[in-house]
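The model is a predicted one.

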Amino acid sequence: MTVTAAAVQPNLATVGLTKSFGGVTAVDGATVTFQHGKVNALIGPNGSGKTTFFNCVTGMIKPDAGTATYRGRDITGKASHRVARTGIGRSFQLCRVFPRMTVMENMLVAVRSTSLRRQLASARDPQELDRARGLLARVGIDHLEHSEARDLSYGQQKLLELAGVLMADPETIMLDEPAGGVNPALIDRIANLVRDLNAEGKTFIVVEHNMDLVMSLSDHVVVFDRGRQICEGPPSVVQNDPRVLEAYLGI
Amino acid sequence: MRSASKALGLLAAVAFVVAFPRMAPDAFILSVGVVIMSYAVLATSWNFVGGFTGYISLGHAAYSGLGAYATGLLVIETGMNPWLAMLAGGLLVAAFAVPVGIASLRVRGASFVIVSIALVLILLLVFQSWGSFTGGSNGLRVPRPFGTDVLRPEQHERFFYLHAVLLAVALLTWWLIDRSRFGTGLKAIREDEDKAQSLGVPTFQYKLVAFVVSAFFTALGGGMYALWFGFLDPIFQFSILVGSYMVLMSLLGGIRSLFGPVLGAVIVGYAVEYFKAQYGDTQFHLVAMGLLLALVVLFMPDGIIPAASSLLNRFRPQAASIREVTAAELAEQRRSAADAEEREPVTEGARR
């Protein structure tokens, strides 16, 4: 079954995106379209350029060539805070929180303040505090509000990172290995969160190695090998595609 | 209770500052007090960049030196009111810091440190060579703001209080930034700059503003020093040592704490003056400062204030939890969290 073009709205899309580090071309002319309102997965063997692709489209590094658009807006080479303002939030492969700030302070970093007056206002705005507490409760770590982030367990830090990304209220959330280094119970919790948030209208683009999770969670899967897309489609189709098996198993 | 003891401590510190000139046995000790106050202003000013963003500038003497010369030259060349000259000097230096910040804040870590040192050395050469304007190596005599009828000890006393007011303004500004959204963004930059930016913090603009504010207060500190000391020599104004003292003081006291740099300034300032008085003919005070820096880095990398408060917490078992709640409260919170988790399907449904 093929999805009709009219039914699918593009979310993040790239054309010929390329990034080399010295002699290694990590992303090699990647032309990809992710679907709006869906849970998209980006999979591929180690070193296939998934994280570099993430970094290129979120402005962490500048691509050498190609374009990236988000909902029709050109975001190629934009600084990462500008990409964030277009409505894209992201997590990092090795979970990144602000270690010497409390859990609540971690949450408040993402609060957007446009005017100078708001910038200089107290960070502890009651409304934002409530919103932060709500999100912390949602991921299940609201009891740790006053702890320093470095004192949290790895799993708790992952949840904090996700809550922190949600605090910016992005329309699209890019997760880099949300299940990496996390125990099975927590993987379920994260998967449920992704499903619920998706039902509320958030688009997800998830890099993940846990195939059970990818297959159960995603609506649309993009497979990368050697820095470019080799195949895309619903999980059931991708799973049986010979090119995917070849990329993963080398046969 | 915690905030009450904080307020009490602050009150005691203010009382001590107010009373110090009366308690000082002679004019020399009083002048040491002024020097320490001046250091406290400079270190607190440095901490707008160092403490908030984690960018360690070893070259902040550039801004204190420029502030000092700008104040002195404005008074001499234009006959401007000295206090107005000090303020104008601060603003000029702040304007100068904008392009410097734009250039130097692009690089992080060691590169930033080196750029900051390079600027001081360039300024040293410029101010030494441009003798016709700056007085060069012969130095620049800055007219005193008070008349000749105000005697030396009284000068010291007035400048002690003037420095204290400047310090209070700098501390208040630091505190206001610390609790603001802007401050939260700056601290996030200190922790993980790329992550902060990915959350939408315009990191470069934030760093630049902190840098310019820091340069402004550092220049005011330099300007006030110029008016007090009355004589400027490039070799002392644009010295790596002065910049290093600001870093040492802040690290010693604790760069994450409001009063860390002040505490560091009191300890380092006193130690420097003590060693200079005792072993003035030698360079022993430099060795002593080097040892002090090594000890801080090895044993108290976070500084005295965090180290002391964690030590205090160890003796206060009830308040020992970093969570600022008692064990019973925590257990209760966990219980309700667990309950909430059990109810999750219902609440999730309600939310949708």
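In chain B, helix H3 (residues 61–78) packs against helix H5 (residues 109–129), with the two axes 9 Å apart and an angle of about 30° between them. Because angles under 35 degrees count as roughly parallel, H3(B) is roughly parallel to H5(B). On the side of H3(B), the contact is made by B:Ala61, B:Ala62, B:Gly65, B:Leu66 and B:Tyr69, and H5(B) contributes B:Leu119, B:Val120, B:Leu123 and B:Phe127. The spacing of such positions can be read against helix geometry. An α-helix has 3.6 residues a turn, so residues three or four places apart point the same way. By class, eight of the residues in the contact of H3(B) with H5(B) are nonpolar and one is polar, with no charged residues.

Chain B as a whole contains 17 helices and two strands. Of its 352 residues, 43% are buried. Among the contacts in chain B between residues at least 6 apart in sequence, 75% join residues at least 24 apart. Another helix of this chain, H10 (residues 203–229), holds B:Val213. B:Val213 counts as buried because it has 20 C-beta neighbours inside 10 Å.

Chain A has a secondary structure of 10 helices and 10 strands. Its radius of gyration is 18 Å, close to the 18 Å that the globule rule gives for 251 residues, so chain A is as compact as a globular protein of that length. The C-alpha trace of chain A spans about 55 × 40 × 40 Å along its principal axes. In chain A, 45% of the 251 residues count as buried. Of the contacts in chain A with a separation of 6 or more, 67% are between residues 24 or more positions apart.

Just after H6(A), A:Asp169 adopts a positive phi of about 50°.

Helix H7 of chain A (residues 184–199) can be checked in a similar way. Its 16 residues should span 22 Å at 1.5 Å a residue, and the end C-alpha atoms are 23 Å apart, which agrees. A:Gly201, which follows H7(A), has a positive phi, near 110°.

The two chains also meet. Their contact takes 38 residues from chain A and 31 residues from chain B. On the side of chain B that touches chain A, helix H8 (181–191), helix H9 (193–198) and helix H16 (327–342) of chain B each supply at least two residues. H8(B) gives the largest share of that side, eight residues. By class, the side of chain B that touches chain A comprises 13 charged, nine polar and nine nonpolar residues, whereas the contact of H3(B) with H5(B) has no charged residues.

Definitions and conventions. Residues numbered from 1 in each chain as written. Chains lettered and ligands numbered in written order. Predicted model: local features only at pLDDT ≥ 70, side-chain atom pairs only at ≥ 80, totals over all residues. Contact = placed C-beta atoms within 7 Å. Helix = DSSP H or I, 4+ residues; strand = E, 2+ residues; numbered from the N terminus. Nonpolar A, V, L, I, M, F, W, Y, C, P; charged D, E, K, R; others polar. Expected span 1.5 Å × (residues − 1). Buried ≥ 20, exposed ≤ 12 C-beta atoms within 10 Å, placed from the backbone. Axes fitted to C-alpha atoms, helices over the stretch in contact; angles between N-to-C directions. Parallel < 35°, antiparallel > 145°, perpendicular 65-115°, else oblique. Rg over C-alpha atoms; globule rule 2.2 N^0.38 Å.
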